[in-house]
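Please open the model in your viewer and keep the sequence panel beside it.

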Amino acid sequence: MPELLCGDDPEPSERFPAGPLFVPVRPGPTGCAARLFRTPLGERTAVGFTSPGRLAATLGPDQAWIRLAEPALRALTAPLGVTTVTVDPQLTAPAPTPAPAPVRPVAPVAVSLRIA
């Protein structure tokens, strides 16, 4: 069977290491943990960026990160069942905002009228 060209195949048949990546992390009880995300189809994926500027443009300037090689990121997330690494994602959903406090209905006030 002939091998598909990478341009014709939505998932290239050969994986090439992406090189050192800037990986978003969150603080954990024993140090930092890589943040995992979801693809538009709902699958879990590890995410890495090729520059701190791309990471900040997508996740904000306050996002903590560490530098990891792409194979190390795969090895880190494989025990969690995450087999996909997304490099330089551009579209992200905004962070959820707190819901506004519910408005309590005001009890009706009885008004009495005197007609003279």
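A polar contact, as the term is used on this tour, is a pair of N or O atoms within 3.5 Å, of which, within protein, one must be able to donate a hydrogen and the other to accept it. Please keep in mind throughout that this is a predicted model.

**Stop 1: aspartate 88**

Begin by selecting aspartate 88, which you will find in the segment after strand E6 (85–87). Its side chain is joined to that of threonine 50 by a polar contact of 2.7 Å. If you display the surroundings and set aside residues up to four places away in sequence, aspartate 88 touches Gly48, Phe49, Thr50 and Arg54. Is aspartate 88 buried or exposed? Its relative accessibility is 15%, and because buried means under 20% relative accessible area, aspartate 88 counts as buried. The backbone deserves a look as well, for aspartate 88 has a positive phi of about 50° although it is not a glycine. Most residues other than glycine have a negative phi.

**Stop 2**

Since aspartate 88 lies in the segment after E6 and arginine 54 in helix H1, the pair ties together parts that are 34 residues apart in sequence. Whereas aspartate 88 is buried, arginine 54 is partly exposed, with a relative accessible area of 47%.

**Stop 3: threonine 58**

Return to helix H1 (residues 52–59) and select threonine 58, which is placed within it. Threonine 58 is buried, its relative accessible area being 18%, and a polar atom of its side chain lies 3.4 Å from the backbone oxygen of proline 89.

**Stop 4: strand E4 and its partners**

Now select strand E4 (residues 44–48), which is mostly covered, four of its five residues being buried. Strand E3 (residues 36–38) runs antiparallel to E4 and is joined to it by three bridges, with phenylalanine 37 standing opposite threonine 45 in E4. In the hairpin of E3 and E4, five residues separate the strands, and glycine 42 takes a positive phi near 95°. With E6, by contrast, E4 pairs in the parallel sense, again over three bridges. Select alanine 46 to find its bridge partner in E6, valine 85.

**Stop 5: the nonpolar cores**

Which residues make up the largest nonpolar core? Select Leu21, Val23, Ala34, Ala46, Leu68, Leu73, Val82 and Val85, eight residues in all. A second, separate core has five residues, including Phe22, Val47, Phe49 and Leu55. In soluble globular proteins, nonpolar side chains tend to be buried together. To finish, centre the view on alanine 34, which, leaving aside its neighbours within four places in sequence, is in contact with Val23, Pro24, Val25 and Leu76.

Conventions
Residues are numbered from 1 along each chain as its sequence is written. This is a predicted model: local features need pLDDT of at least 70, side-chain atom pairs count only at pLDDT 80 or more; totals for chains, interfaces and linings use all residues. Side-chain values use heavy atoms; hydrogens and water are left out. Helices (H or I, at least four residues) and strands (E, at least two) are DSSP runs, numbered from the N terminus. Buried means under 20% relative accessible area, exposed over 50%, partly exposed in between (1.4 Å probe, protein chains only). Contact means heavy atoms within 4.5 Å. A nonpolar core is a set of buried Ala, Val, Leu, Ile, Met, Phe, Trp, Tyr and Cys residues joined through side-chain atoms within 4.5 Å. Two strands pair if DSSP finds at least two bridges between them.
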